[in-house]
Amino acid sequence: NSILLLSACTNPKKKSNTQTEVVQIPQQVEKFSDALFIDVRTEEEFEEGSVPNAINIPLSDVEKRITEFKTNKKIVVFCRSGNRSNQAKTILEKNGIANIIDGGGIDDVKKKLVE
């Protein structure tokens, strides 16, 4: 098993608090360990909490911010339930981005990170 140390900060508008989480990543989800996590929920949803080190690009902004997805890393897109992440993956693939993993809902992604 690999160990990945993830660190996240809370919303800067709220009381400052840094938390560190150690996540065990088994071999079947190691493909996530070097991925870029994109939360396609709204800013308000993102501020309520997300996956450590995730970047918030709301679904409505995905097409406008397509250059941010041009990377050699695998990209895991996720949302609340999986509907918006599926739409984001479709938009990205139509724009030539091929390294996309639809992580589904945020709870699914969190489970995959701690399994």
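**Exercise 1. Surroundings of D39**

Start from this value: D39 is buried, with a relative accessible area of 0%. State which residue forms a salt bridge with D39 in this predicted model, and classify that partner as buried or exposed.

Solution. 
1. The salt-bridge partner of D39 is R41, and the closest N and O atoms of the pair lie 2.7 Å apart.
2. Buried means under 20% relative accessible area.
3. R41 has a relative accessibility of 7%, so R41 counts as buried.
4. D39 also takes part in a polar contact of 2.7 Å, made between its side chain and that of S50.

**Exercise 2. Placing S50**

Locate S50 in the secondary structure and list the residues that S50 touches, leaving out those up to four places away in sequence.

Solution. 
1. S50 sits in a loop, with α1 (43-47) on one side and β4 (55-56) on the other.
2. With residues up to four places away set aside, S50 touches D39, R41, F78, I106 and K110.
3. Among these, D39 and R41 are the two residues joined by the salt bridge of Exercise 1.

**Exercise 3. Two further salt bridges**

The whole structure holds six salt bridges.

Solution. 
1. K74 is partly exposed at 32% relative accessible area, and D34 is partly exposed at 41%.
2. E93 is partly exposed with a relative accessible area of 40%, and K89 is partly exposed at 23%.

**Exercise 4. The whole chain**

Give the order of helices and strands along the sequence, the share of buried residues and the share of contacts that join residues at least 24 apart.

Solution. 
1. The protein has three helices and six strands, arranged along the sequence as β-β-β-α-β-β-α-β-α.
2. Of its 115 residues, 39% are buried.
3. Taking contacts between residues at least 6 apart in sequence, 57% join residues at least 24 apart.
4. The accessible surface is about 7000 Å², and carbon and sulfur atoms account for 46% of that surface.

Note on methods
Residues numbered from 1 in each chain as written. Predicted model: local features only at pLDDT ≥ 70, side-chain atom pairs only at ≥ 80, totals over all residues. Heavy atoms only, no water. Helix = DSSP H or I, 4+ residues; strand = E, 2+ residues; numbered from the N terminus. Polar contact = N/O pair within 3.5 Å; in protein donor to acceptor, adjacent residues only side chain to side chain. Contact = heavy atoms within 4.5 Å. Buried < 20%, exposed > 50% of the residue type's maximum accessible area, 1.4 Å probe, protein only. Areas by Shrake-Rupley, 256 points an atom, 1.4 Å probe, with all protein chains shown as cover. Salt bridge = Lys/Arg side-chain N within 4 Å of Asp/Glu carboxyl O.
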